[in-house]
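Morning, everyone. Please have the sequence and the structure open, and follow along on your own screens.

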Amino acid sequence: PPRAPCSALVDPANDLLTHFRRRRLDAESLRDTLLVLSGQLETGPGGPHPFPQQKDWNFTQHKPFKEVYDSNRRSVYLMTQRIQRHPYLAIFDGADTSASTSSRGTSTTTLQALYLLNDTFVHDQAKNFAARLKQAAPMASARLDLAHQLALGRPITSTERAAAENYLVQAKERLATANVPADQHDPLAWQSYVRAIFRLNEFVYVE
């Protein structure tokens with residue numbers, strides 16, 4: 001029988017709902033995914049936050065309590081204050097903390113790209129993900145396969161493999177030029193490559 005035409009060609013705008021509508025991961029899902037890939041996600045209940053002892057409180061109207069506590073728990077357990085939005089959730093369109101939110105908007109901003117490029121949390125997860133890949137797949141080729149399978153849910157293409165291998169070589173050359181110790185060239189190059197994967201549209205958007 002003749003092959004059915006691709007739904008994306010027949011209905012490119014998805015007006016007929018012939019295929020899954022592309023959507024961006026919400027703020028909580030994106031953060032949780034980074035923790036899962038790095039192997040750092042703590043799956044248990046959130047538990048209490050490390051609030052200061054009541055005897056140490058000196059908050060006033062002009063000096064309110066504002067704090068952000070690091071956590072590897074699921075994002076639903078992050079501390080939420082009505083007086084201010086969590087800095088990460090605010091960047092990725094998290095719910096308004098001062099009102100009921102029936103639906104969220106989806107923005108695309110420079111701050112989102114800069115967060116995935118520079119934030120310490122992202123760098124930490126990239127470091128742990130790269131270490132996880134090295135432990136599971138000592139050979140670089142197998143490591144690339146695993147990185148794409150885990151992060152993107154599909155095999156790496158031949159074009160991507162060639163580009164990745166070239167990227168890793170150039171990254172190590174630049175590290176050597178910058179007088180970085182030789183034993184750090186490989187781990188730092190892989191951390192850089194992992195961060196590049198984290199910034200792909202395919203990683204942030206679900207088809």
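Predicted model: local features only at pLDDT ≥ 70, side-chain atom pairs only at ≥ 80, totals over all residues.

Let's take the cavity. How many cavities of 30 Å³ or more does the structure hold? One. The space in the largest cavity is about 80 Å³. Now look at what lines this largest cavity. Glu67, Val68 and Tyr69 are among the lining residues. Leu78, Met79, Thr80 and Gln81 are also in the lining. Then come Gln84, Arg85, His86, Leu89 and Thr97. Sorted by class, that lining has five nonpolar residues, five polar residues and two charged ones.

On to salt bridges. A search of the whole structure turns up nine.

Start with arginine 104 and glutamate 28. Their side chains form a salt bridge, at 2.9 Å from N to O. Which parts of the chain does this pair link? Distant ones: arginine 104 sits in the loop between helix 3 (87-91) and helix 4 (110-118), while glutamate 28 belongs to helix 2, residues 27-38. The two are 76 residues apart. Is glutamate 28 buried or exposed? Glutamate 28 counts as buried because its relative accessible area is 18%, and the cut-off for buried is under 20%. Arginine 104 is partly exposed, at 38% relative accessibility.

Next pair: lysine 55 and aspartate 56. This salt bridge has its closest N and O atoms 3.4 Å apart. Lysine 55 is exposed, with 69% relative accessible area. Aspartate 56 comes in at 44%, so it counts as partly exposed.

Glutamate 160 is partly exposed, at 24% relative accessibility.

Last item: threonine 108. Where is it? Find the loop between helix 3 and helix 4; threonine 108 is there. Arginine 104 lies in that loop as well. Threonine 108 is exposed because its relative accessibility is 66%, and exposed means over 50%. Now pick out isoleucine 91. Along the chain, threonine 108 and isoleucine 91 are 17 residues apart. Their C-alpha atoms are separated by 9.5 Å.

That's my list. Over to you for comments.

Conventions:
Residues numbered from 1 in each chain as written. Heavy atoms only, no water. 1 Å grid on protein atoms, 1.4 Å probe; cavity = no way out; pocket = protein on both sides within 12 Å on 5 of 7 lines; lining within 4 Å. Points joined across faces, edges and corners; volume = space filled by probe spheres on them. Nonpolar A, V, L, I, M, F, W, Y, C, P; charged D, E, K, R; others polar. Salt bridge = Lys/Arg side-chain N within 4 Å of Asp/Glu carboxyl O. Helix = DSSP H or I, 4+ residues; strand = E, 2+ residues; numbered from the N terminus. Buried < 20%, exposed > 50% of the residue type's maximum accessible area, 1.4 Å probe, protein only.
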